[in-house]
Amino acid sequence: MTETPSASLLDELRASAAHTARSGAPDLEALRLLRKSGLFAAGPSGASVNRVVEEVATANPSLAIVLFQHYAVTARVAEWGTEEQKSRLLPALTSGEMLAASAWSEPGAGAAKKVLSTTAVRQGGGWVLDGGKSFTTGAGIADQYLVLVQTSRPHDDGQSVYGSAGQSFFLVSGGNPGLVPDLGLDLVGMRGSATGFVTLKDCVVADSDRLGPLDEAPKIIAGVRRTGATLGAVSAGIARAALELAEQHLARAGKLASQAVRHQLVDLGVQVEAARAVVARAGELKSGTTTLRSKLFATVVAEHVCVEVARMLSSTGYVVANRINQLIADSRAVALMGPANELCRELVAASWQQ
């Protein structure tokens, strides 16, 4: 098991991020290197996931998001999978032979995903899935998708803020002819993350492809936060990259002789370390609210640091090709990813009503 990306891999990923920022398409060669790196075996603890994701994000936030989603699906299989599912999938998932993606969001469902239009209907001994998923990271490059669908009439269980009773998860192979990815989304940030749509049309799966109990997806979703793995790790990596960019530029420009500049860097560095600390705390505590708070805090810090660094770079940072502009766009993207920051706030606030 490898928990630290090599310097050479980070260099490759950094170069890939610059390329995909222009192309908007996933870099399959960089993804191949990541899959061969041994990093897919990191885990299962939230602490190890956060460490690896943060390091990868310093070089390539897009692939850090892909990696985070892969870890999330792997953890769900390890926690909720049948013995057959574990023996069939986990070796391939942890070796990098298989890449996993989550397909939960869809147009019109809202952040809380209380009512889904994507359905699964029993047919013979299996199920037929129909509908569409949006903002699926890893669309078209994943080998396995964890798909959230409506399996019976939704109803409020009085406890879940995210999802509703009547929803279930299915594991769908990327090779299933009923699953069609579409990378037509032209994103501002995370441009190398292969984030797009997934259409499910007469998608036939076996009952053995269902993950976890029928109609009780919220139980699985609620457990995700207790693992301590947090998207805040991506934001912490982005903030570190922005701060390092500022330090290098100001050193080359001879501006570190200014006490005001040095003090500004110190203040930004304190904020970066605070974000890293709360992310690390989430990984160690396995507390749902700490995980959510870490995501909220780290995303705010990352965007603030990136914007301040852009100001410090002055006209140099106003050039499209300057890396700070992609880091700003990437930092804003994390706040929109599930659970989006507004839903994070609602999930934390709901804990006081129980």
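The model is predicted: local features need pLDDT of at least 70 and side-chain atom pairs count only at pLDDT 80 or more, while totals for chains, interfaces and linings use all residues. Residues are numbered from 1 along each chain as its sequence is written, and side-chain values use heavy atoms, with hydrogens and water left out. Helices (DSSP runs of H or I, at least four residues) and strands (DSSP runs of E, at least two) are numbered from the N terminus.

**Strand E5**

- Strand E5 spans residues 165-173, and eight of its nine residues are buried, so the strand is largely enclosed by the rest of the structure. Buried means under 20% relative accessible area, exposed over 50%, and partly exposed in between, with a 1.4 Å probe and protein chains only.
- E5 runs antiparallel to strand E8 (residues 210-211), and two bridges join them. Strands pair if DSSP finds at least two bridges between them.
- Phe170 has Arg210 of E8 as its bridge partner.

**Packing of helices H3 and H8**

- The axes of H3 (residues 46-59) and H8 (residues 259-285) come within 7 Å and cross at roughly 150 degrees. Axes are lines fitted to C-alpha atoms, for helices over the stretch in contact, and angles run from 0 to 180 degrees between N-to-C directions.
- H3 and H8 are therefore roughly antiparallel to each other; angles under 35 degrees count as roughly parallel, over 145 as roughly antiparallel, 65 to 115 as roughly perpendicular and the rest as oblique.
- On the H3 side, the contact is made by Gly46, Ala47, Asn50, Glu54 and Glu55, and on the H8 side by Arg276, Val279, Gly283 and Glu284. Contact means heavy atoms within 4.5 Å.

**Cysteines**

- The count of disulfides is zero, where a disulfide is a pair of cysteine sulfur atoms within 2.5 Å.
- Cys306 is in no disulfide, and the nearest cysteine sulfur, that of Cys344, is 19 Å away.
- Cys306 is buried at 0% relative accessibility, and Cys203 is likewise buried, with a relative accessible area of 0%.

- Arg76 belongs to helix H4 (residues 61-80) and counts as buried at 3% relative accessibility.
- Leaving out residues up to four places away in sequence, Arg76 touches Gly81, Leu146, Leu211, Ile220, Val224 and Thr227.
- Ala30 lies in helix H2 (residues 28-36) and is buried, with a relative accessible area of 4%.
- With the exclusion of residues up to four places away in sequence, Ala30 touches Leu13, Ser16 and Leu63.
- Ala30 and Asn60 are 30 residues apart in sequence, and their C-alpha atoms are 9.9 Å apart in space.
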